[in-house]
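Here's a quick briefing on a few pieces of one model. Have a look at the structure first, then we'll walk through some strands and a helix.

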Amino acid sequence: MFIDSVSWPELSDFSGLDSLRTVKSGPPTAPGKCIDAGSDFCPCHLAESGECIVCSVLRGESECSCQWTGTCILAQATWVPGLNHKRESLPAPILARIEVGAGTEILHVGAPSRLAAQLTRPGSFVFVRGRDDACFDTPLAVVQSFPGQQRIVLAYTRMGPKTQALSDCSDRLWLRGPYWNGIRGHEIIESVRGRRVLLVLSGMAQVCGPNIARTLLRNGNQVGLVYDTPPFPFVTPYLQDVPTAHFINLNSGRGRAAIRDVLREEVPDCLFSGGGKPQHALLRRTMDELGLTAPMATSRTRRMCCGEGICGACVTELDGTLIRNCKTCLLPEEERAGRDNS
Amino acid sequence: MSTIIIIGGGWAGCAAALAARRGKAKHVILLERTDLLLGCGLAGGIMRNNGRHTAAEELRLMGAGALVDAADGVATHVGFDFPGHHHATLYSTTRMEPAVRVLLRDKGVDLRFLGRVVDVRATGQRIEAVRLADRTWLGGDVFVECTGSAGPMGNCVRYGNGCAMCMLRCPSFGPRVSLTARLGIEDVVGMRQDGAVGSLSGSCELRKDSLSAALQQTLDRDGVSVTPLPAALVHREMLNRKSCRQYALPVFAENIVLLDTGGQAKLMTPYFPLEQLREVPGFERALYSHGSGMSNSVRFLSRAPRDDGMRVAGTDNLLCAGEKSGFFVGHTEAMVTGTLAGYNAAALLDGGRAVSLPRDSACGDIIATEAEGLGRDDGLRQRYTFSGGIYFERMRERGLYATDPAEIRKRIDRLGLTGFFAAVDHDAAA
């Protein structure tokens, strides 16, 4: 026979290695990306403590097998040891307060131009506190940012001691940022070009809308808006770039029929749901019923505490891997699949 | 229809895709991480030097010469000598990739660019699907891993001098992921002659138009230029760091050896500090096009355990080729392993026999010799190429090295391999 036959599926004689392992599951893939990867704040506290979300080598694994497209965090850790930026709280003047009803207040706050520029990204938020004590930090979404005027716009509703302290402070608060992981599905929102996108906004999550709408418009998308009413949405002054909007009570039967009609007529290529879990579920269900398969980004519903992946308040489990939700970029469906261990 | 999924569009993956089309109708999908085929071959160009000529002719005679012919078709220089090497052909690194892309498309290969594979799913020993960077799963019947061994950036940082911004372009397209490692199969890591981990790619590219007019003329005319280096600029230690043992000759340390690959001049050393390079007459205005004056990609960190039919040990339906399958250096070597892996992938699907090539052919012998070499004391430091080093020596000792077309034809004919890979049905043809 001129050809040596190699039998399947038994192994042929292999003399190179004496301890072969059979196929089993490899090391867990780190799900999602890190919102801070490649930013001024990378490598971060987690990388320094051997728990980088992205870099398997910094985590102590032998294989270099990250999922990140961008500069190598290991290389960065070599280039800038101890020189990378850390977010620090800085005093910031309160330039204006606007009461918009139902205990909600809009704050115009002074912020350095560079920080303000970094807060134009979808999902941007900052930690603020009205008192010196660090335990009063609370995350607030950035409604709009004006880098040229060194000013950002925030909104909060008085609910507990942290927000009460914000209400009580006079002309100054403490500000720490930028943070960006205030939504799920950055890659959906930031990659869509020249398509129809529908934003459905309700409750406090409406504050995510303006930054998302501006990004979508900048990328040549047609943006449609649906506000859940009542009450009247307070972000409308910051969404003037979108000329028309639907005002629908999503909690009524008539409203559910109306949103169904909107989805059927607009056939969005992409969707953002800023609201609570029931709203996300309603939209998903309605889309399914209509046979629409557009990807949907959502506002985040997980709790947020330190924002740096350190405190563990937001840790959940996904496929056997612990997820630090404040840093990890997951798609909404991945977040839903995760188990909340908190 | 059955599906064969080839992961990695370098020379090995392209060869595997062509060979996998044989037999019954099947869907051959080639997943490539970047937007270009050929991988490291985009900065390559050297064919048919020394024993590679024999292997290239063997491939052609066995019916797997489409890629060899394509390289011949865009050659900038044919049948020329450079230090330590004879009858070489250089392909144009500018014209090569478009030619291969057209060839594969014409042959019905389903090319999918920006298709980086990040994970793999298996039941028992059977691979079921690969996961792409866009988080979708792609199922298939047989898989061929041709992900290579160069990079990603973390390895170039750990074992080299950092990212050289080479043709692999990891920062733009994302890192290479070893599927065997994801499966929990331990990859074999190569060592350098100097005891460090991995090897540096052996050459970098200068912009030809940044060289002196005289050097450009020499390159255009001869395909090669050899410029003596001042003693102070001779870095002999570099020879022990490079992957290409066939070019780890003193002459390559004592001179600047350039090869003409069309728009670029291939500088036959992993890197050369630009300031020092510009001290050499003719190089006063030299600029790098790929690579840099301080680093190059790190390779040979990811060799899968395999049998001589290219199947990955411990799996039922995963094959491998190229640098993934051994410490092989070069395009011709990748075409050989890729062709065999693609053929066997198709054979596995069609219910036929998987084969290994006979050791009386250079193509078969190098595959078996490389695997045997792993068990030796210095096995991790060896590299295998038809064009030089220990394997070319072996070719000559065994009488496998031949340049006479009639002799090679006679050998392949005697082995019954003429047209073997081209045959629609191997058993019928035999």
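Strand 3 (residues 90-101) and strand 4 (residues 104-110) of chain A run antiparallel and are joined by six bridges. Here, helices (H or I, at least four residues) and strands (E, at least two) are DSSP runs numbered from the N terminus, and two strands pair if DSSP finds at least two bridges between them. Keep in mind that this is a predicted model: local features need pLDDT of at least 70, side-chain atom pairs count only at pLDDT 80 or more, and totals for chains, interfaces and linings use all residues. Residues are numbered from 1 along each chain as its sequence is written, with chains lettered from A and ligands numbered from 1 in the order in which they are written.

**Strands**
- Strands 3 and 4 of chain A make a hairpin with two residues between them, and A102(A) in the turn has a positive phi of about 55°.
- Across that pair, R97(A) sits opposite L107(A).
- Strand 4 of chain A is also joined to strand 7 (residues 151-157) of chain A, antiparallel, by seven bridges.
- There, E105(A) stands opposite Y156(A).

**Helix 8**
- In helix 8 of chain A, Q279(A), H280(A), L282(A) and L283(A) are buried (20 or more other C-beta atoms within 10 Å of their own, C-beta atoms being placed from the backbone; exposed means 12 or fewer, partly exposed in between).
- The face turned away from the buried side carries exposed residues, among them K277(A), R285(A) and E289(A).
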